[in-house]
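Here are my notes on the model you sent. Please read them with the structure open.

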Amino acid sequence: MPRVAAPAPGRPFAIIEPEPGERLDRLPFEPVVELYKQHGALLFSGFGCDTPALRDFAARFCSTTVVNDSPGRSSIDPDAQIYSVNHGNQEFALHPELSREPWKPDVAFFLCLSPPEGEGATTVCDGIELVRALPSAVRDGFAGRRLVYPGRVWPEFLEHWLGTANPDAALLADPPPTCPYRFACDGSGGLFRYFSRPALHKPMFGDDPAFGNFLLFARFTNGMPNFPLLDDMRPVPEAWLQAAKTAGDRLSARVDWRQGDLLMLDNTRFMHGRTAIANPASRLIATLFGYLRFAVPNPEEPADPVWRQRSFVPPMAPWHPSRMAQG
């Protein structure tokens, strides 16, 4: 059995290291699952993991995967849906991966293929601990509220989810149960789609509420103070955002990468970010995002959603940078 160092003050992830000659692909399944359920963040260090090892390890735990269409990434193993992280050098605020979409993955894997020269750590934060650290007035303000994620539509999007690029009013008012969105008209008569999630949610393996949404990344990385919105369609108060950022900054822990390190995060409980990167050319982190074979059903998702049936490639917007680059 490998050596396991439980999380400690200032380090919310467990560290798993091999005994001499021990291999990642020989680790027993159930003990790893139990560690994952208990701690939510596992760093496998010293196993010398590479891209095939990531693919095979993730396949043991994930039934399906998802393409991450966030810009600035490069493909490493497209068949396994393994991509790099964003190649820029800016600091990233805390966020669960793809929390801006209704198909937020259960689990996020990060593999260090080349550690940064100088600064460039990944940061992680336990969303349960962030809720506990919030001022009581802010925690009470979030409690019981929902966040609404509005977005634009385009013909391929409507075709994908509604079966037609020209839906009538009846279909928009009552979309198929497989569609994770609702639809409404804006003030100018245009159509938009939206979905919502609790502002504080119950993670997959835990009873206490967690903070795990797109608010901090939208506000402090993308400069968007009005996405997502509260359930009354008003922006989240700036004081709440600042309080959440302050708590997250205080609780964040660094993962100072070594080549071959593999981080496995419960994406329903933990958020991640990164420090500013001194030399982006030296840093290569591979990612894979998936849905667990042992997942607990999420009442916020449609019944048997498509992303849990097969590896999921969402429809890409015509204004997405990669599509614009193609032509």
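1. The second largest pocket holds about 460 Å³ of space. Of the 25 residues that line this pocket, K104, H201, K202, N298 and E300 are the closest to its centre. Strand β12 gives the most to the lining, with 3 residues. By class, the lining divides into 11 nonpolar, 6 polar and 8 charged residues. A pocket here is an open set of points on a 1 Å grid over the protein atoms alone, with protein on both sides within 12 Å along at least five of seven lines; a lining residue has an atom within 4 Å of a point. Points are joined across faces, edges and corners, and a volume is the space filled by probe spheres set on the points. For the classes, Ala, Val, Leu, Ile, Met, Phe, Trp, Tyr, Cys and Pro are nonpolar, Asp, Glu, Lys and Arg are charged, and the others, Gly among them, are polar.

2. A word on the source. This is a predicted model: local features need pLDDT of at least 70, side-chain atom pairs count only at pLDDT 80 or more, and totals for chains, interfaces and linings use all residues. Residues are numbered from 1 along each chain as its sequence is written, and side-chain values use heavy atoms, with hydrogens and water left out.

3. The largest pocket has a volume of about 970 Å³. It is lined by 42 residues, and D69, S70, P71, R100 and F214 are the closest to its centre. Strands β7, β10 (146-151), β12 and β16 each supply at least two lining residues. The lining has 22 nonpolar, 11 polar and 9 charged residues. Strands (E, at least two residues) and helices (H or I, at least four) are DSSP runs, numbered from the N terminus.

4. How many cavities of 30 Å³ or more does the whole structure have? The search finds 1. A cavity is a set of grid points where a 1.4 Å probe fits but cannot get out. The largest cavity has a volume of about 60 Å³. Its lining is S84, V85, N86, H87, G88, R274, I277, P280, R283, L284 and I285. That makes 5 nonpolar, 4 polar and 2 charged residues.

5. The whole structure has 21 salt bridges, each a side-chain nitrogen of Lys or Arg within 4 Å of a carboxyl oxygen of Asp or Glu. One of them joins E97 to R73, with the closest N and O atoms 2.9 Å apart. E97 lies in the loop between β7 (92-95) and β8 (107-114) and R73 in the loop between β4 (62-65) and β5 (75-77), so the pair ties together parts that are 24 residues apart in sequence. E97 is buried at 3% relative accessibility, while R73 is partly exposed at 22%. Buried means under 20% relative accessible area, exposed over 50%, and partly exposed in between (1.4 Å probe, protein chains only).

6. R269 and D126 also form a salt bridge, at 2.7 Å between the closest N and O atoms. This pair links distant parts of the chain, 143 residues apart: R269 is in the loop between β15 (262-266) and β16 (270-274), and D126 is in strand β9 (residues 122-126). Both ends are buried, R269 at 14% and D126 at 7%.

7. R132 and E129 meet in a salt bridge at 2.5 Å, N to O. Both lie in helix α3 (residues 127-133), 3 residues apart, about one turn of the helix. R132 is partly exposed at 48%, and so is E129 at 32%.

8. Which residues of helix α5 (residues 155-162) are buried? They are F157, L158, W161 and L162. These four cover an arc of only 95° around the axis, so they sit on the same side of α5; the arc is that of the directions from the helix axis to the C-beta atoms. The cover over them includes α6 (169-173), β11 (182-185) and β12 (191-198), where contact means heavy atoms within 4.5 Å. G163 follows α5 and has a positive phi, near 85°.

9. Please check some backbone angles. The peptide bond from F227 to P228 is cis, with omega near -10°. P228 is in the loop between α7 (215-220) and β13 (229-230). Q81, a residue other than glycine, has a positive phi near 55°. Q81 sits in the loop between β5 and β6 (82-84) and is buried at 7%. L98 also has a positive phi, near 55°. L98 is in the loop between β7 and β8 and is buried at 5%.
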